[in-house]
Amino acid sequence: MTTLETSGSAVTPAETPYVTIVLPCYNEQDHVIAEVERICAAMDASGYTYELLAVDDCSTDETLARLHEAAPRFPHMRIRAFHRNGGSGTVRRIGSQEARGEIVVWTDADMSYPNERIPELVQILEKDATIDQVVGARTTEEGSHKFLRVPAKWFIRKVAERLAGQKIPDLNSGLRAFRKSVAKPYLRLLPPGFSCVTTITLAFMSNQHDVYYLPIEYAKRAGKSKFNFVSDAYRYVLQVLRMIMYFNPLKVLMPPALWLVGIGFVKGLYDVVRYGFYLTSNAIVVFISGMLIGAVALLADLIVRSRGDV
């Protein structure tokens with residue numbers, strides 16, 4: 001189990017913040033303080049009460065030391081230190097569970113997101129009670145492996161849109177704000193890696209929680225990217241399918257089941273006409289496979305509907 005160290009100013013019940021900003025930090029020594037300064041300056045000017053929860057994910061450089069050194073300058077910053085690397089999803093899950101604010105903000109410490117606009121995201125949630133999550137939808141792609149990431153992310157997003165039944169301008173943006181009370185039942189579903197942002201998006205959408213997309217600029221990240229194209233893209237696809245299966249398995253299983261049943265039925269009619277009431281084995285196998293997948297889909301849907309979190 002990951003153990004934590006904590007430092008920073010204490011917050012009494014009377015000073016409970018309205019916003020908690022969860023900032024994962026892993027080997028960000030050269031720019032983490034600049035990011036903290038940018039976030040705190042924007043929040044101080046906004047008038048919102050807040051806490052900045054900076055979580056060091058067992059960095060191998062001087063990130064944690066830089067945070068401790070700068071802590072006296074930022075009275076609203078709390079520092080968490082993991083004793084082993086848990087991944088950005090683990091940081092965001094634990095940070096969100098420990099958040100004292102009613103609104104939780106996720107962002108990154110790599111200078112890529114316009115964190116000075118965090119108050120805008122919070123303001124949208126504050127003014128419109130029907131919106132439960134605000135996502136910073138990137139208008140450009142500046143990540144590594146750009147020639148591979150763009151088509152891969154487009155494909156994954158289209159799969160997610162098809163399965164979720166909604167348009168998703170940006171499936172895996174790392175800048176977002178949401179109501180902690182709404183997100184609380186879904187935090188346990190967050191995987192340890194980058195696909196946690198995909199998970200929280202689909203969890204909200206699959207349960208009819210309104211998600212608002214705010215267009216933002218996206219800068220080239222500072223430092224070295226932790227994103228691995230092959231493994232992380234594979235996990236993104238799996239996580240999209242997993243989340244839709246968790247909330248609406250009929251979306252995943254019923255279409256192939258109906259296709260197989262239809263193909264098997266047509267093939268059976270063809271065999272009857274051609275071979276004189278003789279059914280070939282492949283027609284029978286295809287038809288039965290479709291029936292079995294359809295039965296599993298209905299059973300999975302029954303299990304989902306019997307849960308108390310949907």
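Visitor: What makes residues 252–270 and 282–304 a "transmembrane region" here?

Guide: The name comes from the record: an unreviewed UniProt entry lists both spans under that feature. Such an annotation may be inferred rather than shown by experiment. The model itself is predicted.

Visitor: What does the chain look like over residues 252–270, helix or strand?

Guide: Residues 252–270 are 100% helix and 0% strand, with end C-alpha atoms 29 Å apart. For residues 282–304 the values are also 100% helix and 0% strand, and the end C-alpha atoms lie 33 Å apart.

Visitor: Why is helix 7 called largely enclosed by the rest of the structure?

Guide: A residue counts as buried when its relative accessible area is under 20%. Ten of the eleven residues of helix 7, residues 196–206, are buried, so the helix is largely enclosed. Among the buried ones are Cys-196, Ile-200, Leu-202, Phe-204 and Met-205.

Visitor: What comes just after helix 7?

Guide: Gln-208, which takes a positive phi of about 60°.

Visitor: How many of the protein's residues are buried, as a percentage?

Guide: Of its 310 residues, 49% fall in that class. The protein has ten helices and eight strands.

Visitor: How do you know which contacts join residues at least 24 apart in sequence, and what percentage do so?

Guide: A contact requires heavy atoms within 4.5 Å. Taking contacts between residues at least 6 apart in sequence, 80% join residues at least 24 apart.

Visitor: What makes up the accessible surface?

Guide: The accessible surface comes to about 15,100 Å², and 63% of this area belongs to carbon and sulfur atoms.

Key: Residues are numbered from 1 along each chain as its sequence is written. This is a predicted model: local features need pLDDT of at least 70, side-chain atom pairs count only at pLDDT 80 or more; totals for chains, interfaces and linings use all residues. Side-chain values use heavy atoms; hydrogens and water are left out. Helices (H or I, at least four residues) and strands (E, at least two) are DSSP runs, numbered from the N terminus. Buried means under 20% relative accessible area, exposed over 50%, partly exposed in between (1.4 Å probe, protein chains only). Accessible areas come from the Shrake-Rupley method with a 1.4 Å probe; for residues, only the protein chains shown count as cover.
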